[in-house]
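I opened the model and kept a notebook of what I looked up. The entries follow in the order I made them.

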Amino acid sequence: MEGNSPAVERRPRPWRAAAALAALALPGAASAQSFMGARGLGVPVVAVGARAAALGNLGIGLGGVEVSAGDPATWAGLVLPTVSITMQPAWGEFDMNEQSGNSRATRFPLLGIGYPVPGARGAVTLSLAGHLEQRFVAVNRSTVVLNEVEVEAEDRRAVDGGTSVVRLGWAQRLGSRFAVGLSVGSYVGRLEKVFDRELDSLAVGGEVYSLLEENSWRYGGTSVIAGFNADPAGLLHVAGAVEWSGDLKEAPLGETAGESAYSIPPRFSGGATGRLSPRLHLNVSAVYQDWSAAEGFGEGVVSERKWNFGAGLEWLLVGGETRSLPVRFGYRRLAAPFRYEKEDPVESIWSLGAGLNFVKVGNKRFGWMDVALERGARTSEPLAERFWRATVSLGVARF
């Protein structure tokens, strides 16, 4: 900001919050990873690898041994130390109150490390998984009255942050067809909000006035997830998990005022993979989480939708003794927990992908690369978003 006599005001004032919300509703410039996260705690991050993303899977019930934040028992099948990392670039566009715009972002939704302990028939697990995120910028141009003079104003609201979950756990094999797992986690992350109002310098005597407010918070809280998986028959694999969380606490940093706590409802998930033929597998998964009774949120913020589900097919295009090339197709339908305005949001995603298993013996992978491409849409009137998202996962054992 340049001018003859800059003046900067940093004290919070109630009208700024109203103006910041108006910036999302009135014509202007805007960009976002998703405006669905403008209320509540943000947009959920489905922290899964590229194989699960391509199959429309919700992170549980995939056949074979997986590195998963939401399926704590699947790690029990590890026979060598294993690490996997997932990268996820996305491109999107939106329409909202006669506005339109686009976005581009990259995130790393999942990192997992597993270390088997053969003598105990189990494995130590460590994961860092995305949970909720808020990233958007909105600019609105309007007219305000200052000393009985109408002055052009430009309001800019920027929000950046979110939460992740760090989990440490143990997965235990109980016989050859059953396993259980337990992980204890902690929410981590922070949120930064900036509201800046600039007034037209010519209308206020050639000076530039900027009313600036900056706030930041740190997130914390605990989470516990327990689950099982079973192979009751050679043609079927099933898994289930329950996650309990304490309050998600939002603690102010620096000069920011106001501490908040939000209840996170229990999350119930289940999935299954069935073998239709030696080369074709069908996967289904579902998640139930009732946010409607969550505490700490304003009226009309939380959605009434409770169910998420997904399904997909995996076909082994090329199969060798130690290497294979599967292709995958999937669909999932998600219920975002927070409304944009009054309508309960819904997200639909079609996906496809492929994998390259560099070393595979039976259902165990020792080196792999998976890729997925998703085309999705989110709606919560008057907001409509469409996006392309790519997911790439790399995994290696015996490091």
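**Entry 1: a buried charged pair**

I began with Arg 339, which is buried with a relative accessible area of 14%. I note that this is a predicted model. What does Arg 339 form a salt bridge with? The partner is Asp 344, and the closest N and O atoms are 2.6 Å apart. Asp 344 has 16% relative accessibility, so I filed Asp 344 as buried.

**Entry 2: other salt bridges**

I then asked how many salt bridges the count comes to. It comes to 20.

I looked up Arg 107 next. Its salt bridge is with Glu 133, with 2.3 Å between the closest N and O atoms. This pair joins distant parts of the chain: Arg 107 sits in strand S5 (residues 99-117) and Glu 133 in strand S6, 26 residues apart. Buried or exposed? I checked Arg 107 and Glu 133 in turn. Arg 107 has a relative accessible area of 13%, so Arg 107 is buried. Glu 133 is at 9% and therefore counts as buried.

I went on to Asp 155 and Arg 197. Their side chains meet in a salt bridge at 2.5 Å, N to O.

**Entry 3: the nonpolar cores**

I turned to the largest nonpolar core, which has 26 residues. Which of them touch the most other members? They are Leu 41, Trp 291, Phe 297, Phe 338 and Leu 383. I then traced strands that supply this core. Strands S4 (82-96), S6 (122-146), S7 (149-173), S8 (178-199) and S9 (209-220) each give at least two residues. A second, separate core has 14 residues, among them Val 46, Ala 53, Leu 55 and Leu 62.

The general expectation I noted is that nonpolar side chains tend to be buried together in soluble globular proteins.

I searched for aromatic pairs. The whole structure has seven. In one of them, the ring centres of Phe 178 and Phe 228 are 6.0 Å apart and the planes lie at 20°, so I logged the pair as stacked. Phe 178 is in strand S8 and Phe 228 in strand S10 (residues 222-233), 50 residues apart, and the pair links distant parts of the chain. Phe 178 is partly exposed, with a relative accessible area of 34%. Phe 228 is partly exposed at 34% relative accessibility.

I then took Trp 291 and Phe 338. Their ring centres are 5.2 Å apart with planes at 65°, so this pair is edge-to-face. Trp 291 lies in the loop between strand S15 (280-288) and strand S16 (307-319). Phe 338 lies in the loop between strand S17 (324-334) and strand S18 (346-361), 47 residues apart from Trp 291. Trp 291 is buried, with a relative accessible area of 6%. Phe 338 is buried, with a value of 1%.

What does Trp 291 touch, not counting residues up to four places away in sequence? I listed Ser 263, Ile 264, Pro 265, Phe 297, Val 302, Ser 303, Pro 337 and Phe 338. Ring pairs also link Trp 291 with Tyr 262, Phe 297 and Phe 338 into a cluster.

I looked up Thr 125, which lies in strand S6. At 5% relative accessibility, Thr 125 counts as buried. Not counting residues up to four places away in sequence, Thr 125 touches Trp 75, Ile 113, Arg 167, Leu 168, Gly 169, Trp 170 and Ser 183.

Where is its place? Gly 61 is in the loop between helix H2 (50-54) and S4. Its relative accessibility is 0%, so Gly 61 counts as buried. Leaving aside neighbours within four places in sequence, Gly 61 is in contact with Asp 71, His 237, Ala 239, Gly 271, Ala 272, Thr 273 and Asn 283. I also checked Ser 285: its C-alpha atom and that of Gly 61 are separated by 6.8 Å, though the two residues are 224 residues apart along the chain.

Conventions
Residues numbered from 1 in each chain as written. Predicted model: local features only at pLDDT ≥ 70, side-chain atom pairs only at ≥ 80, totals over all residues. Heavy atoms only, no water. Core = buried A, V, L, I, M, F, W, Y, C linked by side-chain atoms within 4.5 Å. Buried < 20%, exposed > 50% of the residue type's maximum accessible area, 1.4 Å probe, protein only. Helix = DSSP H or I, 4+ residues; strand = E, 2+ residues; numbered from the N terminus. Contact = heavy atoms within 4.5 Å. Salt bridge = Lys/Arg side-chain N within 4 Å of Asp/Glu carboxyl O. Phe/Tyr/Trp six-rings, centres within 6.5 Å; stacked < 30°, edge-to-face > 60°.
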